[in-house]
Amino acid sequence: MRHVVRQHSLETKPLTEPVLLILTSLAAHPRHGYALIQDIELLSNGRVHISTGTLFGALRRLLEDGWIERFEQQDTSRQKLSYRLTGVGRRQLQLELDRMKHLTRTGFARLRAAESL
Amino acid sequence: MRKAYRFMLLLYPRGHREQFAEEMNQVFEQLAAERRERGWTWYVRFAFGETAGLIGGAARAWLERRSTRPEPGQTPTRWMPQELAEAQQRVDASVADMVQAIANHRFERARVLSNQEREAREKLRELREKYGDEYGRCV
């Protein structure tokens, strides 16, 4: 029998909207700060304009928690430092998306139930 | 606005400034140029947003700095030099990934992670020699 181990502490850690958007943005590939802000605007359909103060505060906490890591990217852009998800960060994002999927299903089911009354 | 931004960065704790100030400046300048092109309404909104974000961010950074002072015996990653903290986190992440791979019977993956962990530990050992023992035992 296969046992799947999950870190309990990660499952209980709540994610704020900026953190969720940052992790989602980094899920596909690494990005530097400016690219993160642009992608977050895109992800949120222009609804969220994250400030540099908010972005780098969140990045600092994510680095401290080991959910992302910073590295030097050899390219031609102005910014050399980029961020990428670690295995821990990827699992945390997966857990949060699972939670959201469950909540969405439950929410729609209840709406349908209320409409059929 | 650029000067005001640099000045407001002084509100942050020193550690945060050393780690991010240069990068924040670069991002701010790129954003400012882009918002100016979109028009003055965008630029004014951007300026207010940045000011509020910096003040809030600095306040939060100070509060977190106070609330995360390590207990005796606790691994003080938040108080280490950045490269040391990141090396410590790489070791921790490698160990966690390896444990999970073994638990899920993915032994080939575990072997790869074990090599990564060994390299990460070696890097951490070098950094600990560089910085000395003032940051406590971390491995």
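These are my notes, in the order I looked things up.

Before anything else, I noted that this is a predicted model.

**Core.** I started with the largest nonpolar core, which has 35 residues. I checked which members touch the most others, and got I22(A), I37(A), L55(A), L59(A), L62(A) and I68(A). Next I asked which elements supply at least two residues each. From chain A these are α2 (17-28), α3, α4, β2 (81-85) and α5 (87-115). From chain B they are α2 (14-38), α3 (40-67) and α4 (82-103). I wrote down α4(A) as the one that gives the most, with 6 residues.

**I68(A).** I then listed what I68(A) touches, leaving out residues up to four places away in sequence. The list runs L26(A), L62(A), L63(A), Y83(A), R84(A), L85(A), T86(A) and G89(A).

**Helix pair.** I looked at α3(A) against α2(B): their axes come within 9 Å and cross at roughly 50°. On the α3(A) side the contact uses G33(A), Y34(A) and I37(A). On the α2(B) side I found E23(B), V27(B), Q30(B) and L31(B). Sorted by class, I have 4 nonpolar, 2 polar and 1 charged residues in this contact.

**Loop residue.** Last, I went to N45(A), in the loop between α3 (33-43) and α4 (52-65) of chain A. Its phi is near 55°, a positive value in a residue other than glycine. Is N45(A) buried or exposed? I put N45(A) down as exposed, because it has 7 other C-beta atoms within 10 Å and the cut-off for exposed is 12 or fewer.

Conventions
Residues are numbered from 1 along each chain as its sequence is written. Chains are lettered from A and ligands numbered from 1 in the order in which they are written. This is a predicted model: local features need pLDDT of at least 70, side-chain atom pairs count only at pLDDT 80 or more; totals for chains, interfaces and linings use all residues. Helices (H or I, at least four residues) and strands (E, at least two) are DSSP runs, numbered from the N terminus. A residue is buried if 20 or more other C-beta atoms lie within 10 Å of its own, exposed if 12 or fewer, and partly exposed in between; C-beta atoms are placed from the backbone. A nonpolar core is a set of buried Ala, Val, Leu, Ile, Met, Phe, Trp, Tyr and Cys residues joined through C-beta atoms within 7 Å. Two residues are in contact if their C-beta atoms, placed from the backbone, lie within 7 Å. Axes are lines fitted to C-alpha atoms, for helices over the stretch in contact, and angles run from 0 to 180 degrees between N-to-C directions. Ala, Val, Leu, Ile, Met, Phe, Trp, Tyr, Cys and Pro count as nonpolar, Asp, Glu, Lys and Arg as charged, and the others, Gly among them, as polar.
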